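Thank you all for coming; today I would like to walk slowly through one part of a structure, so please keep the picture in view while I talk.

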Amino acid sequence: MDSSKSNTTDDRQTACLSKDALLKEYSPSQCSHRLSSSMSADDIIMDYVEQLTKATSQARSSLCNDLGVKVSDTSSVDIFWPDGGRDSIEKPSSVFVYVHGGNWEAMGTEHSGHMASTLCAKGAVVVLVGYTVAPKGTLSQMVDEVQAALVYTARRFPCARIVTCGFSAGGHLLAQALASADWKETFGVNPSSFYGVILLSGLLDLTCVQQTYINDYLKLTVEEAQRLSPLHCVSSLKQFFPAGNPTKVLIAFAEFDSSEYHRMSSSYRDALHAQHGLEVAFEVLSGMDHFQLDLSLQRTEGSRLWTLMEPLMFSASAGNRL
């Protein structure tokens, strides 16, 4: 597929959106199938945050953990360990690194450990990435902080199967962090250290975000929105996906995400294939809205997302291939 033609069409379609249409497209709660007379958009968000906070609190109280481990001058990670704790696991086989969403201005590691209990029960170490949200943190700073967390994880767990995952704004930060450096030259980290990259409903194109309410606190210029958009930096991933690097990419989004979320994921998939020859695993998760997709990380039974993730993280026979 000619991704340049695809992206041109997408850009024209987006350019035709009115301000009101853009507001809805970038407000996931407004697109949920759960909206009703008894459940407002605010109710959907509150329910989501309550579930995240409860599950994270339970994980903090029940699992061995190291909270607030500094990885840069301005950022830290939370680490959750499987049964037996850090002392019993010299070389964990699997590490799951999660970058939370929140439109770059909300949430934190205290809300993003909802999958820790599930994954630790399977034997994985879980690393939650903290970053300085807006308005205190700039977008470039957030990218640098996510990058620092990835470098820290690769160095601390050099023999593990490291799978990185970013949701929504976290998907943007993860993708941009991977594209923003020569990993071997700058950090001494081989990109193949990362067995998998999972982008869930990622905000991968900021050119439209720059026209919405979100830019009230991001303060992006048109040039910055272009420069910090993963969709417009795919060529920079050449250093991350050199020939022979077996790292695999999974892109997924919710059936009831907006058409803009669908566009961004599809266009990014097409660009990765066109420019780097990557065969990206791509999935539309049916029956879910934006928030239910993230919450599904804590479920294994009957979960299509788990079916996609499990061989990437745990199957020795599958190596690091989906």
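Before I point at any residues, one term is needed: two strands are said to pair if DSSP finds at least two bridges between them. Please also keep in mind that what we are looking at is a predicted model.

With that in hand, let us take strand β6, residues 194-200, which pairs with β7 in the parallel sense over 5 bridges, and here Leu200 stands opposite Ala252 in β7. On to the next partner: β7 also pairs in the parallel sense with strand β8, residues 281-285, over 5 bridges, and the bridge partner of Leu250 in β8 is Ala281. Between β7 and β8 the chain passes through helix α11, residues 259-276, in a β-α-β crossover that is right-handed.

Now, how many of the residues of β7 are buried? For this strand, which spans residues 248-254, the count is 7 of 7. Lys248, Leu250, Ala252 and Ala254 point one way, while Val249, Ile251 and Phe253 point the other way. In a regular strand, the side chains alternate between the two faces of the sheet.

Helix α6, residues 169-179, has 11 of its 11 residues buried, so this helix is largely enclosed by the rest of the structure; among those buried residues are His172 and Gln176.

Finally, the count comes to 1 cavity of 30 Å³ or more, and the largest cavity has a volume of about 50 Å³. Its lining includes Ala175, Leu178, Val197 and Val249, with α6, β6 and α11 each supplying at least two residues, and by class the lining has 9 nonpolar, no polar and no charged residues.

Technical notes. Residues numbered from 1 in each chain as written. Predicted model: local features only at pLDDT ≥ 70, side-chain atom pairs only at ≥ 80, totals over all residues. Heavy atoms only, no water. Buried < 20%, exposed > 50% of the residue type's maximum accessible area, 1.4 Å probe, protein only. Helix = DSSP H or I, 4+ residues; strand = E, 2+ residues; numbered from the N terminus. Right-handed = clockwise from strand over helix to strand, strands pointing away. 1 Å grid on protein atoms, 1.4 Å probe; cavity = no way out; pocket = protein on both sides within 12 Å on 5 of 7 lines; lining within 4 Å. Points joined across faces, edges and corners; volume = space filled by probe spheres on them. Nonpolar A, V, L, I, M, F, W, Y, C, P; charged D, E, K, R; others polar.
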